[in-house]
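User: I have a model open and want to go through a few local features. Can you take me through them?

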Amino acid sequence: MGDRRGGPGRWRSAGSALLRVVTVWAVSTLTMLVLAGLLPDFQLQSADGDSVTQIALTAAWGAGAFGLLSALVWPLLVRALLLVPALVLGLLAFFLNGSLLLLALRLIPDGGGAATPETAVVVAAVMSAVASATSTALAVRDDEAYRRRIYRLTDRKRPRVACEGAETVPGTVFLQLDGVGHRVLTDAVAAGRMPTVADWLARSHTLTPWRTDWSSQTGASQLGILHGSNEDVPAFRWYEKDTGRLMVSNRPASAVELQRRAVERTGDGGLLTVDGASRGNLFSGGADQLALVLSMAARRGRRNRSRAGYFAYFSDAANAVRTAGSFVAEAVREMGQAVRARLRRESPRVSRGGLYPFVRAFATVVERDVVVAAVMGDMLAGRTAVYADLVAYDEVAHHSGPRGRDTDQVLGRLDRALALIAKVAEHAPRPYRIVLLSDHGQSPGETFEAAYGLTLKELVRAGCGLPVPRRPRRRVRRPRRGRPGTESGGGSEARDAAREALRSALHRPVDEADEAGAEGQEAAAVAAARAPAPVVLASGNLGLVSFPGVPHRMTREEIDRLHPALLRTLATHPGIGFLLVASEAHGSVVLGRDGGELVEVPLSRLADDEGPLAGLGPGAADAVRRTDGFPHVADIMVNSRYDPEAGTVHAFEEQIGSHGGLGGEQTQPFLLWPRELTPPPADLVGAEQVHQVLRGWLRESQGPQVPLEISPSSEDAEAFLPVEGPAVRDKHG
């Protein structure tokens, strides 16, 4: 490399860099002059008036001072504000940039520049955007300049290669498109919404579906993919009787505990243990380089760099301004889309008010930009393995539905992010293989409450004889005529059938208090007094019912003795597909309905696409049997009804695109890999098997090898966790 550092080449590089600096300065000066002419509260001349030459010099001074402050002071400001929540930091970007402009105007020798604070924010934003665009445009035709700019924007000063000759060994980047099902991806490619993925499929990659476990959600899937085991993760949230703890996959303390258990169970640190990076994930995968990893946020210690990824991105003022502007635009876009859906009376529909527009903007803009920048930095640093999660689609699909204009736009933006990552890979110090995958899909459908006028918790309480609201708390939304899914549980017929099933199970009316009478109220009070109040939790269209007063997993016979109507109430409800409960006589049984009658199938004789599992497809019976063996499986596992013709389910929470249980596209994610890698099994089942496939690919690339010889003790397993000190307990958990 000596010939590149001396002689004519060195002077040519220096001259090119100087020319770019002068050009950006000149463009910034011109931009400042134009803004001074357009904005009445922004001036570049004294009150007595100045010549054109003096005004131009003032603009040049101001633009130069602003550029220097942005390069030198801005990174220090961002580092000082790392403790500020990322959402607030993004919004502060505008005001911090405006403050730098005001300071730059004060540094002009003759004091000719002046602007009001609100005008300074606008001027600074425009100048940062123009300077960034100019710098990028000048660097595009100069590979070396483009590479240096990317290094700067991703906070990487130089390539980092672990060993001699490693630049010829390919690295691997795993990009997870959260919630994008196999069919959604293929449809988006066919419709031309994801040209980057289409190009990969045409030239270099192969696509295949895989099948999730019963718990089709990120916590279970990503734990299995990154750490090789998702044993004893029955749902997104569940109650543990032995500890009295409510586990929620996206709570930091729960995430760190789940990771600890997986490390202890498997005996290895994870997929990314050697020279790996984990970006935007729930779990670390054993990586040393971490950014926006939830499991590291539960502890305190010198290795807890939970916001370091934000600094790497927001240290560039242009990045901060662009992301902050996109954040505001996305929030406004969501508000407009929500209003349009309401005016068009679209159904199904859920509430999209409150803070949700800002939550969506954070997921689709801030987190995406920070994670993509971190991945780019990892590639330019030459890391061996990177795993990153892009959550934008999943967040939008929950509230807008898995298919439609809203999610189409998100898929298009994700495709552009993939194209950027692929472009940066061309400038990395080693070749990279990009693997694209998802952790689950999403199934559409009206919520259980909207379809039947009561929540799962209310249905369980009614079955236990506990007080329940006598009227729906809000108006039930009815689907438009002719829309798919109307017959599967959206109209008054479905609600009437649900009420009849409830009355039949309880042998008394429940929707009118005066009809129940004193005798019914007394019976409900007696039942409530003799049985513990159940804990009812929802994970998409999967519900969990636990009785905390009973230390062991209750059997069907015990539940029938305490609450004679409960299991019949649930199993014969038209919105419920099937139940899983333990049984003294049969070990465990699946309960469902056949024409309104209760049907019981021992787990040992359970078969796919038969009885209560009809229409759920291959592997459903095995998935239920596996969950039945978990130590923390709930007393009653409830899967909503699935309509195979419409492909719809009923979520037990406020989501019209849901995942977490069985039924439809939610259990059918995808895996897209370079063709030079060994193909995965034809029938790829479960996140743990996906882990084995990814680990094999890393081995083929001479990447991280997962140690299996020694299983660490519980104490030693802590060493694989990303942070130090005792875990901070989740609130309410």
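Predicted model: local features only at pLDDT ≥ 70, side-chain atom pairs only at ≥ 80, totals over all residues.

Analyst: Start with helix α14 (residues 392-400) and helix α15 (residues 405-425), which pack at an angle of about 175° with their axes 9 Å apart. Axes are lines fitted to C-alpha atoms, for helices over the stretch in contact, and angles run from 0 to 180 degrees between N-to-C directions. Helices (H or I, at least four residues) and strands (E, at least two) are DSSP runs, numbered from the N terminus.

User: How do α14 and α15 run, roughly parallel or antiparallel to each other?

Analyst: Roughly antiparallel, because angles over 145 degrees count as that.

User: Which residues in α14 and α15 meet?

Analyst: From α14, A392, Y393, V396, A397 and S400 meet D406, T407, V410, L411 and L414 of α15, with contact meaning heavy atoms within 4.5 Å. That contact has seven nonpolar, two polar and one charged residues. Ala, Val, Leu, Ile, Met, Phe, Trp, Tyr, Cys and Pro count as nonpolar, Asp, Glu, Lys and Arg as charged, and the others, Gly among them, as polar.

User: New topic. How many cavities of 30 Å³ or more are there?

Analyst: Five. A cavity is a set of points on a 1 Å grid over the protein atoms alone where a 1.4 Å probe fits but cannot get out; lining residues have an atom within 4 Å of a point. Points are joined across faces, edges and corners, and a volume is the space filled by probe spheres set on them.

User: What lines the second largest cavity?

Analyst: D213, W214, S215, A220, N230, V233, A623, R626, T627 and F630. Its volume is about 60 Å³. Helix α22 (residues 620-628) gives the most to this lining, with three residues. By class the lining has five nonpolar, three polar and two charged residues.

User: And where is the cis peptide bond?

Analyst: Between S347 and P348, with omega about 0°. P348 is in the loop between α12 (317-343) and α13 (356-380).

User: What about phi of D232?

Analyst: It is near 65°, a positive value in a residue other than glycine. D232 lies in the loop between α9 (218-227) and β5 (237-240).

Terms used
Residues numbered from 1 in each chain as written. Heavy atoms only, no water. 1 Å grid on protein atoms, 1.4 Å probe; cavity = no way out; pocket = protein on both sides within 12 Å on 5 of 7 lines; lining within 4 Å. Parallel < 35°, antiparallel > 145°, perpendicular 65-115°, else oblique.
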